[in-house]
Amino acid sequence: MKKHWNKFSRFVIVFLGWTLFVSGFAAAGPASTVRAASDSCGAGCTRYDVVLIGSEIEGVLLAKSARDLGLKVLILDPRGKPGGELIQGQMLVLDEPNDNKKRSLVQGELKSLYDGYKAGTIRKLAAFERYFNRLIRGIPLEKGVAIEGLETAPREEGKPGRSLKSLTYRAKDGSEHTVRAEYFVENTDFNALTGRLNVKRIPGMESLYKSKKPDYMAATYMLKFKNVDWKALHQAVLEDYPLTHVREKYGSNTYVDWDFATGFSNLTYNYKPRDSQLMLRGLNATYQQDGEVIINSLLIYDVNPADPKSVASAVGKAKAEAPYILEYLRKHIPGFAEAELNGYPDYLYIRDYNRYETEYMLDYPDLMSGRMFWDNVTIGGYPVDLQATRIVKKGIGYGKPDRYGIPLRSFKLKNYDNVLVAGKNVGAAIKAYGSARIIPTTALAGETIGIILGRELKQGKRLDELTPADFQRIHRYLEKEYHIRLTR
């Protein structure tokens, strides 16, 4: 009996040990199949699957998707507060891509934000903050960091290009840390990462007029008002119908409904700012309810988002100008007679800065031909809208494309096998960038890439190993499981 009991005991011990091993493996999640057995890569170094530089919402959606699928993710934000353009810049006037049949192309996680925006339930800053905080909940995020060094090396096995091996940063408390990752993601509006990697800049606005000096679309300082009589604004424009008369009186693209207003450029272009760095263009306004209105209209030239002094100077000049703009709107725009200023954002909407070459450079003919790619990660359809510079005084448009695709390759930094770009860092020639740059288009790409990383890495497939056949499979599960459709 004792002999049989000993055999049974050994069986139980082996079985329990195997059970604990299996359960421990499962608890570790799919990320454990990606990283080495230990998360350590030496003293003061930590391994991750994805390290994101910056907290713009487009890349945050990549981080969230990857983390939701079990990857180990870290966000390092050089800014002192998270949220970038959307939260700190309060760019709460949302542009929406549509196809030529006026069908919305907003998909994925961001659709809930747009649904709330159009319904009027997400209009004020507090509602946007709640939405953003839900996205970053549970993702480690360090604010106010400074990149101290990057370690790069040739790719293994004689493959062309390089890999980013590690990144060393100084935390807000002064301590230094090193991280390694399967993928690093540029997600700032001033290329805090890619600007250090010795890669080729994509020509910007200067290419439109054949200059060698880099030029950028102006930044925006969002203007906030309260005590606006939106009903009076709507009624005044309605009384000036037909639309041809409205546009003759107020300017092209003038339109007002119960939620949004655009145009009035015949009035705004007559405004003379006190500083030559500023210009008041046509209004792009959202009614936030309760008499509150936010307007994307005040342009600021020559802002260098990589220079805190340049940003602070621009914000200071815009704040100083705001009371004079208020006075002008009171006199000239219906419904604004009793308006008051309603606070000041601390940051800007940076719509354009240095971008660097990616594996595929999206071009204007791709947009206008409605091209779809085998490795589509998003669908666009916004007008080709290039805002003003000091040279291109009132901006310029190049038409409205129907729906078009943007490939994964336009988000993979050229000559690096593990550096991705997010948001306005997309690889696109300047005309194509005029459409591709808006949040919902590149945010969908971020979410899609995060899903692909989460699902394909645990199968042992890296992004540069994915084939057209793989993407047929990927597009099927994106549509079936995530309701993201990336084919025609």
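Reply: A search of the whole structure finds four cavities of 30 Å³ or more. Here a cavity is a set of points, on a 1 Å grid over the protein atoms alone, where a 1.4 Å probe fits but cannot get out; a pocket is an open set with protein on both sides within 12 Å along at least five of seven lines; and lining residues have an atom within 4 Å of a point. Grid points are joined across faces, edges and corners, and a volume is the space filled by probe spheres set on the points. The model is predicted: local features need pLDDT of at least 70, side-chain atom pairs count only at pLDDT 80 or more, and totals for chains, interfaces and linings use all residues. Residues are numbered from 1 along each chain as its sequence is written, and side-chain values use heavy atoms, with hydrogens and water left out.

The largest cavity holds about 110 Å³ of space. Of its 18 lining residues, Thr188, Asp189, Phe190, Lys424 and Asn425 lie nearest the centre. The second largest cavity has a volume of about 100 Å³, and its lining includes Asp95, Tyr114, Lys424 and Arg437.

The largest pocket has a volume of about 1400 Å³. Among its 46 lining residues, Asp95, Asn253, Thr262, Asn284 and Tyr382 lie nearest its centre. Strand β11 (283–289) is one of the elements that each supply at least two lining residues, and β11 gives the most, with four; strands are DSSP runs of E, at least two residues long, and helices runs of H or I, at least four, numbered from the N terminus.
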